[in-house]
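Opening my notebook on this one.

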Amino acid sequence: MLKRLKQIALFLCIVIPAHSFGQSDHSENITAAHIKTIQIHTGEKYAGMPLLKLGEPLRISFDDINGDEADYYYRITHHNFDWSPSVLYKNEYLDGFDEIRIINYENSFNTLKLYSHYNLSLPNEDTRGFKVSGNYKLEIYDDDDQVVLTRKFIIYEPLTTVKVYVKRSRNLKYIDSRQSVQFEIDSKDIIRNPRQNIKTLVLQNNDLKNAITNLVPQFTIANTLVYKYDQESSFGGGNEYLSFDSKDVRASTVSTQSIELKDLYNNYLYPNIVRSNRRYTYNPDINGSFVIRNLDAEDNTTEADYVWMHFVLKCYESIGDGQIHLYGNFNNFTLDDSTRLSYDEDSGLYYTKRLFKQGFYNYKYVLLKPDNTIDYGFISGDFDETENEYTVIPYYRAPNSRYDRAIGKGTGNSANITN
C-alpha cells in the first residue's frame, strides 16, 4: 500500500513536457542487460513493430539470463499518435487489470547458458482485452518497481481501406536510390475535416525509428484521401539485410567461418564489406527480423542456447567522429553499447561480439553520426531495387474526442515498384 501511495505522489509531482513523434518518453527503449531475446508474437510470420487488429491476441516472450526465476509484472499504458500519454483512464482502454505478476515461465534445459524464459499472453483472465485502438506501451518491471523492458505496439480498427503503392523517385538524383510511398485512404464517410483530424504513420519494414509521419492529404476524390507525395514520403531503398544462422553452433555455415567453445560457444562470422560502392545484388531476407531455432531441440524456447557471435567489417571509408553499429529487429532496432563496433588499428578492421540466442537473424551496419542521426546507407548503400515492406496506419481524432484512433492498415511491397 505504501509503495502504491509513493507512486501516486510521484505522478502528481511530474510535469510532462511536449515532445516530438516517438520521443515522448526517454524510457521507450529500456532493456535491462540481463533481459534478452524479446519477441512480440502476432499473426504476422516475422513481426517487427507489432500491429494487430482490435480483438486479436498478443503474446510477448523474453529471457532472463540471470536464470534466477525472478518475479516480473506488466503494465499497459495508452498513448496519443506522437506517443505522449493519452488522457484516457485505464478502465476506458483496458478491460480488466494490469500490474499483475507474470506466472508463465520455465527454465532452460540442456544449455550451457542458464536462463528463465517468460511468456505473457493478452488477453488473459486478469487483462481481458483492449477496448479502444491506438498506440500502446507495455512495461515489464521487477519487485523493486524497476522497469526492465518496454515495447510499443499498435492496435487498429479496420474502419478504412488503405491502398499503398511504391514508386521510384521522380527526382532523377534519387531515382536509383530512393523509394516513394504513395497511398489512398477510403474514409467511408466517417472522417470530418481530414486535413486537421487525420494523421498518418508510414513504416518501412515495421521500423518505428525510421517512420514518416503527419502527411496531409493532397486532395480528395469523393470519400478517398489521396497522398501522392514524392520526396516527402520517400525512404532510402537500403539494401537487403545480411544474415547468419546459428541453429547448429558446432557446425560452420555459409556465414560462419570458425567455432570455438569457451564458457559458451563462440561463432566467428566471415568479414563483411562495404556495399554502398557496389552494384545491387539480390539476396532474400526477412526485412531485419529473426527466428529462434535449434536444430537439435524439441522446444526452441527453452532448449536453444546462447552464443557469442563475432562480427568483422572491412570499412576503409572515413567515419569521422561517427560510430558504426549493428542494426536489426533483434533488439528492436536500438543502438547501444552492445551493437557498437570498435576499430582495430593494427588490422584496420571494425569488430564486435554480441550474445544471441540460437536462430536465424538479419542484421546490417549503420553509421551513427555525431548529431545522433543515423545514416542507414553509409555501409549498405541505397538501391531502388531493394525489397522492402511498407505499412501505412491512418489515425483519426474526431471532434471532441479524447484520443487518437488507429482506423486502418495498408501494406505495399517494393518488389512491385513502378515509375
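How many cavities of 30 Å³ or more does the structure hold? I count two of them. I keep in mind that this is a predicted model.

**Entry 1: the largest cavity**

I looked up its volume first: the largest cavity has about 100 Å³ of space. Twelve residues line this cavity, and the closest to its centre are Met49, Lys152, Leu208, Lys209 and Asn332. Next I checked which strands the lining comes from. β11 (147–156) and β15 each give at least two residues to it. β15 has the largest share of this lining, with three residues. Sorted by class, I get four nonpolar, three polar and five charged residues around the largest cavity.

**Entry 2: the second largest cavity**

Here the volume is about 40 Å³. I wrote down the lining: Gln204, Asn205, Gly236, Gly237, Gly238, Asn239, Tyr241, Lys364 and Asn388.

I then looked for what else β14 pairs with. Strand β30 (residues 389–396) runs antiparallel to β14, and seven bridges join the two.

The cut-off behind "buried" is under 20% relative accessible area.

**Entry 3: a four-stranded sheet**

I moved on to an open sheet of four strands. Its order is β1-β3-β8-β7, and the pairing is antiparallel. Which strands stand at the edges? They are β1 (35–41) and β7 (104–107); each has a single partner strand, so one side of each is left without a neighbour in the sheet. From one strand to the next, the twist averages 15 degrees.

I also looked at how β1 meets its neighbour. β1 and β3 (residues 58–64) are antiparallel and pair over five bridges.

**Entry 4: aromatic rings**

The count of aromatic pairs comes to 27. I picked two to look at. Phe244 and Phe311 pair edge-to-face, with 5.9 Å centre to centre and 70 degrees between the planes. This pair links distant parts of the chain: Phe244 is in strand β19 (residues 242–245), Phe311 is in strand β24 (residues 306–314), and they are 67 residues apart. Why do I list Phe244 as buried? Its relative accessibility is 1%, and buried means under 20%, so Phe244 counts as buried. Phe311, also listed at 1% relative accessibility, counts as buried too.

The other pair is Phe290 with Tyr361, which is stacked: 5.3 Å centre to centre, 5 degrees between the planes. Again distant parts of the chain are linked, with Phe290 in strand β23 (residues 290–292) and Tyr361 in strand β28 (residues 359–368), 71 residues apart. Phe290 and Tyr361 are both buried.

Which aromatic residues form one cluster? I find Phe244, Phe290, Phe311, Phe330, Phe356, Tyr361, Tyr363 and Tyr365. Both of the pairs I picked have their rings in that cluster.

**Entry 5: Ser252**

Ser252 lies in the loop between β19 and β20 (256–261). Is Ser252 buried or partly exposed? Its relative accessibility is 49%, so Ser252 counts as partly exposed; exposed would need over 50%. I also checked Ser252 against Asn210: they are 42 residues apart in sequence and 34 Å apart in space, C-alpha to C-alpha.

Key: Residues numbered from 1 in each chain as written. Predicted model: local features only at pLDDT ≥ 70, side-chain atom pairs only at ≥ 80, totals over all residues. Heavy atoms only, no water. Pairing = 2+ DSSP bridges. Axes fitted to C-alpha atoms, helices over the stretch in contact; angles between N-to-C directions. 1 Å grid on protein atoms, 1.4 Å probe; cavity = no way out; pocket = protein on both sides within 12 Å on 5 of 7 lines; lining within 4 Å. Points joined across faces, edges and corners; volume = space filled by probe spheres on them. Nonpolar A, V, L, I, M, F, W, Y, C, P; charged D, E, K, R; others polar. Phe/Tyr/Trp six-rings, centres within 6.5 Å; stacked < 30°, edge-to-face > 60°. Buried < 20%, exposed > 50% of the residue type's maximum accessible area, 1.4 Å probe, protein only.
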